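Look at the model first, then read on.

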Amino acid sequence: MISRTFLLILVLGAAGTLRAQNDHFPQFMEMGNTAYNNKSYDLAMDYYNSAIDDKDDCWQAYVGLGNCLYFKKKFKDALKNYEKALKINPDNSELAKFVEVLRRKLGVYPTPTPSPRLSPASLPGLAPLPPLGPITPVLRP
């Protein structure tokens, strides 16, 4: 009985230790923000990438990466990171506006989703339309 209890404590302790090892993203974000504010963009990018490795749904890290790339004049790469952040946090209207302005500035627009084309053959149960004859304009006095 004692050995089972010890084993259970050991397993639960190991699981807690593994989980704690992946909780460094707040520190990475803080260090990234400090480096960004000091205009050390390469160092900040390293910290933001570490934050993403730790927690891949951290939209703030993608915004931080985008900001660094923007100031390094790598606008298309910045846009990709802003779009990832917007995908994670679609309710952020300020970020959405910024992404739209940057897309227009770069001449990059999202590809529209093609609408399905309907033809009479694709509508089951309906008779095909008759062929159109010559169109004559109707003139009204």
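Predicted model: local features only at pLDDT ≥ 70, side-chain atom pairs only at ≥ 80, totals over all residues.

Residues are numbered from 1 along each chain as its sequence is written, and side-chain values use heavy atoms, with hydrogens and water left out.

**Helix 2**

- Helix 2 covers residues 25-37, 13 residues in total. Helices here are DSSP runs of H or I with at least four residues, numbered from the N terminus.
- From first C-alpha to last, helix 2 reaches 18 Å, close to the 18 Å expected at 1.5 Å a residue. The expected span is 1.5 Å times one less than the number of residues.
- Met 29, Gly 32 and Ala 35 are buried in helix 2. Buried means under 20% relative accessible area, exposed over 50%, and partly exposed in between (1.4 Å probe, protein chains only).
- Why do the buried residues of helix 2 line one face? Seen down the helix axis, they fall within an arc of 130°, so they line one face of the helix. The arc is that of the directions from the helix axis to the C-beta atoms.
- An α-helix has 3.6 residues a turn, so residues three or four places apart point the same way.
- Glu 30 and Asn 37 are exposed, on the face of helix 2 turned away from its buried side.
- The buried residues of helix 2 pack against helix 3 (41-54) and helix 4 (59-71).
- Lys 39 follows helix 2 and has a positive phi, near 60°.

**Helix 4**

- Buried residues in helix 4 include Ala 61, Leu 65 and Cys 68.
- The buried residues of helix 4 pack against helix 2, helix 3, helix 5 and helix 6.
- Lys 73 comes after helix 4, and its phi is positive, near 65°.

**The core**

- The largest nonpolar core has 23 residues; Met 29, Cys 68 and Tyr 82 are among those touching the most other members. Such a core is a set of buried Ala, Val, Leu, Ile, Met, Phe, Trp, Tyr and Cys residues joined through side-chain atoms within 4.5 Å.
- Helix 2, helix 3, helix 4, helix 5 (75-88) and helix 6 each supply at least two residues of this core.

**Leu 102**

- Leu 102 sits in helix 6 (residues 93-106). Its relative accessibility is 3%, so Leu 102 counts as buried.
- Leu 102 and Tyr 82 are 20 residues apart in sequence and 9.7 Å apart in space, C-alpha to C-alpha.

Technical notes
Contact = heavy atoms within 4.5 Å.
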